[in-house]
Amino acid sequence: MFATAALAQHPQLPVGPNADLGGVRLMPAGDEWNRDVSKDPVDPRSDAIIARIGAQTRLHEDFGLIWKGAPGGIPYYVVSGDQPKVPVTFRYAGESDPGPYPIPPDAPIEGGPQGDGDRHVIVLDKDNWRLYEMFHAFPIEGGKSWKAASGAVFDLKNPKPRPAGWTSADAAGLPILPGLARYDELCVTKELTHALRFTVKKSRRAYVSPASHFASKENDPDLPPMGMRVRLKADFDTSKFSGPARVLLEGLKTYGMILADNGGDWFVSGAPDDRWVHDELTPIRQVRGSDFEVVKMGPMTTR
């Protein structure tokens, strides 16, 4: 099974906050996150959608720096299979996978303990190869239990899409961790082998596969639906880039990035890591929206 194979390749996979994953692919080889979309046709509405997001707006790394006293990016925690599970209550229980979840009391919260943003909490069970993710999460009594807006559990050995119309810990109903840029990939293995997660300020009241949920009241057909994938154009010259910036951009030509939430326009998500050198990431800001194209989308849900 995928988890066994992954651990066989990384027998020393450590536990702890933002533990190095050794370049491991989180999802099975055939999963949509890992699909090569470099030869897919361009969507007929590509130019209009790119213009609506911002053709001249620049790509922006939403990780790799300290922001308001907390590490920028979406943190995660790797645990072993015997991590004790704790109760979790959800505001949107009807669209959340019930607890308990194996959340350590010191699990990092996006934005820090006092953060007022999305407050994602992500836990990867390395032995059972299961992913637990929460949105707007708060510990109770030092982590004896948690409360959150929503939560989702993904079996990474055999991941299945959320039920139609369901959210996850992300607006699009997708897992978060598989779409994050990680140091162990961009700077150690120096290869990005999956799509990345990105955000826009305004999305459409619609979603396309692999998403299962939208987060907008806007019906403008030029706005991007959740789950939309873009890729860096094949003729974009990456030779002037180096280091992790070049690895990231080359990966975007092959796997692209998937719209997963509302946020900054063209903001690329990543995980915190003490080893990031922010100045090695900022060159991606030379890339503009017009350097991307929308990969042809499948059936769209607009209800």
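Contact is taken here to mean heavy atoms within 4.5 Å. In this sense, and leaving aside residues up to four places away in sequence, Ala 206 touches Phe 214, Pro 225, Met 226, Met 300, Thr 301 and Thr 302 in the model, which is predicted. Ala 206 is found in the loop between β12 and β13, and it counts as buried because its relative accessible area is 0%, where buried means under 20%. Between Ala 206 and Ser 290, which are 84 residues apart in sequence, the C-alpha to C-alpha separation is 23 Å. A contrasting case is provided by Lys 217, which lies in the loop between β13 (207-208) and β14 (229-232). With a relative accessible area of 78%, Lys 217 is exposed, and its C-alpha atom is separated by 7.1 Å from that of Arg 204, a residue 13 positions apart from Lys 217 along the chain.

For the protein as a whole, the secondary structure comes to 4 helices and 18 strands. The radius of gyration is 18 Å, which agrees with the value near 19 Å that a compact globule of 303 residues would have, and the C-alpha trace spans about 50 × 45 × 40 Å along its principal axes. Buried residues make up 55% of the 303 residues. Of the contacts between residues at least 6 apart in sequence, 71% join residues that are at least 24 apart.

In soluble globular proteins, nonpolar side chains tend to be buried together. In the present model, the largest nonpolar core has 67 residues, and those with the most contacts inside it are Leu 59, Leu 249, Met 257 and Phe 292. Helix α4 (residues 243-254) contributes the largest share of this core, with 5 residues. A second, separate core comprises 17 residues, including Tyr 77, Val 88, Tyr 101 and Ile 109. Within the contacts of Met 257, again not counting residues up to four places away in sequence, are Leu 59, Ala 195, Leu 196, Phe 198, Met 228, Arg 229, Val 230, Leu 252, Trp 266, Val 268 and Phe 292.

Strand β12 is joined by 5 bridges to strand β15 (residues 257-262), the two running parallel, and the bridge partner of Arg 197 in β15 is Ile 258. Strand β12 is also joined, by 2 bridges, to strand β16 (residues 267-269), in this case with an antiparallel course; here Phe 198 stands opposite Val 268.

Strands of a sheet pair through backbone hydrogen bonds, either parallel or antiparallel. An open sheet of 3 strands is found in the order β6-β10-β9, with mixed pairing. Strands β6 (88-90) and β9 (138-140) stand at the edges, each having a single partner strand, so that one side of each is left without a neighbour in the sheet. Direction ignored, neighbouring strands of this sheet are turned by 25 degrees against each other on average. Strand β6 runs parallel to strand β10 (residues 145-148), to which it is joined by 3 bridges. Val 88, one of the residues of the second core, has Trp 146 as its bridge partner in β10.

A further set of pairings involves strands β7, β8 and β11. Strand β7 (residues 121-125) pairs with strand β8 (residues 130-135) in the antiparallel sense over 5 bridges, and Ile 122 stands opposite Glu 133 in β8. These two strands, β7 and β8, form a hairpin with 4 residues between them, and Trp 129 in the turn has a positive phi of about 55 degrees. Strand β8 also pairs with strand β11 (residues 150-155), likewise in the antiparallel sense, over 6 bridges, and in this pairing the bridge partner of Leu 131 in β11 is Phe 154.

Conventions:
Residues are numbered from 1 along each chain as its sequence is written. This is a predicted model: local features need pLDDT of at least 70, side-chain atom pairs count only at pLDDT 80 or more; totals for chains, interfaces and linings use all residues. Side-chain values use heavy atoms; hydrogens and water are left out. A nonpolar core is a set of buried Ala, Val, Leu, Ile, Met, Phe, Trp, Tyr and Cys residues joined through side-chain atoms within 4.5 Å. Buried means under 20% relative accessible area, exposed over 50%, partly exposed in between (1.4 Å probe, protein chains only). Two strands pair if DSSP finds at least two bridges between them. Axes are lines fitted to C-alpha atoms, for helices over the stretch in contact, and angles run from 0 to 180 degrees between N-to-C directions. The radius of gyration is taken over C-alpha atoms; the globule rule is 2.2 Å times the number of residues to the power 0.38.
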